[in-house]
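What follows is a short report for a reader who is meeting this structure for the first time. Please look over the sequence and the model before reading on.

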Amino acid sequence: MSAFPFLGPIATSIFGVAVAITVIGAVIAVFTRRIIRAVAGLALCALGLAGLYYFLHSPFLALMEILIYIGAVCVVIVFGIMLSEPDEPALAPAGRRELGWSALALAVSAALGGGVAYVSLHGPWPAPAAAAPAGDGSVAAIGSALLTTYSLPFELISLVLLVAILGALVIARGGRGSA
Amino acid sequence: MNPVLFDRPGVYLAVAAFLLAAGIFGLIQRRSLIGMLIAGELIFSAASLNFMALNRFVAPDPAVGQIAVLFIMGLAAAEVVIALSIIIAVYRNYRSIRVKELAELKG
């Protein structure tokens, strides 16, 4: 395959590290009490996802994942935490209902995730099409597709972002008359 | 017929399924609005990873999935901005973003 002897095991272990970072980040994002740690977990999860995108032959999306999720989304959420309250309330000590609720949440999500994971691990995934792919998936191909085939969704997403900015300003600014 | 670990679509899809499960668990179990927002982001990430995995392994044109994931990222960013502004407005009115205390519309 290549002149370098241990390329396969090294690549596999790097892939394992990316998967582990993603999973650990998701667990941190969901299970911690303090919201700021949950945001840190989300950032960790995004970092692992960037690694997975790299293994999926898309370094452009890996860069975008880090740029948008860690650089924009997590920072905005941190600002939101600073402007509201930082912590979840502690669990009520005699919270029998709360415990039942958590157990229900765990059961539902475990059933759903386990089912989907089982199907995706055991399903017969067709081999990639033997014919030559239509494009090479490079950044140039993405750019030309965005400006030709997908120009309508591209313009629509810019409109959505504009409306989101204006809406966020209107909602969060608070009128003069509000308390 | 046993390719290396990172050339199997099932592995990526299983990771995406785990992200989906974690997101749904967080959505049900979290008791503050920002925690639920973070869980929703996990679900967005799961969808993106599914798109990219199927794009890499079964789609004929490798640019389509990347464009779809770019659109998902844009929508996720817009959603976070709107949700956070609503959360801040709620906090300004109620002095709390705990889900239990935002029950004014409850009959």
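Helix H2 of chain B is mostly covered in this predicted model, with 20 of its 25 residues counted as buried. The helix runs over residues 33–57 of chain B and reaches 37 Å from its first C-alpha to its last, which is close to the 36 Å expected at 1.5 Å a residue.

As for the confidence of the prediction, chain B averages a pLDDT of 87, and 96% of its residues score at least 70. For the complex, the predictor gives an ipTM of 0.90 together with a pTM of 0.87.

Turning to how the two chains meet, 76 residues of chain A are in contact with 65 residues of chain B. On the side of chain A that touches chain B, two or more residues come from each of the helices H1 (7–31), H2 (35–55), H3 (59–83), H4 (96–122), H5 (139–147) and H6 (151–173) of chain A. Among these, H4(A) gives the most to that side, with 13 residues. Sorted by class, the side of chain A that touches chain B has 58 nonpolar residues, 15 polar ones and three charged ones.

One pairing across the two chains can be followed in detail. The axes of H1(A) and of helix H1 (residues 9–29) of chain B come within 9 Å and cross at roughly 5°, and H1(A) and H1(B) are therefore roughly parallel to each other. On the chain A side of this pairing, Val19(A), Thr22(A), Val23(A), Ala26(A), Val27(A) and Val30(A) take part, and they meet Val15(B), Phe18(B), Leu19(B), Ala22(B), Phe25(B) and Gly26(B) in H1(B).

The table sets out the make-up by class of the two contact regions described above.

| Contact of H1(A) with H1(B) | ten residues | two residues | no residues |

Helix H1 of chain B also holds Tyr12(B). Is this residue, Tyr12(B), buried or exposed? Because 24 C-beta neighbours lie inside 10 Å, Tyr12(B) counts as buried, the cut-off for that class being 20 or more. Leaving aside neighbours within four places in sequence, Tyr12(B) is in contact with Leu52(A) and Leu56(A) of chain A, and with Leu49(B) and Ala53(B) of chain B. Phe44(B) lies 32 residues from Tyr12(B) along the chain, and the C-alpha atoms of the two are separated by 15 Å.

Notes. Residues numbered from 1 in each chain as written. Chains lettered and ligands numbered in written order. Predicted model: local features only at pLDDT ≥ 70, side-chain atom pairs only at ≥ 80, totals over all residues. Contact = placed C-beta atoms within 7 Å. Helix = DSSP H or I, 4+ residues; strand = E, 2+ residues; numbered from the N terminus. Nonpolar A, V, L, I, M, F, W, Y, C, P; charged D, E, K, R; others polar. Expected span 1.5 Å × (residues − 1). Buried ≥ 20, exposed ≤ 12 C-beta atoms within 10 Å, placed from the backbone. pLDDT = per-residue confidence, 0-100. Axes fitted to C-alpha atoms, helices over the stretch in contact; angles between N-to-C directions. Parallel < 35°, antiparallel > 145°, perpendicular 65-115°, else oblique.
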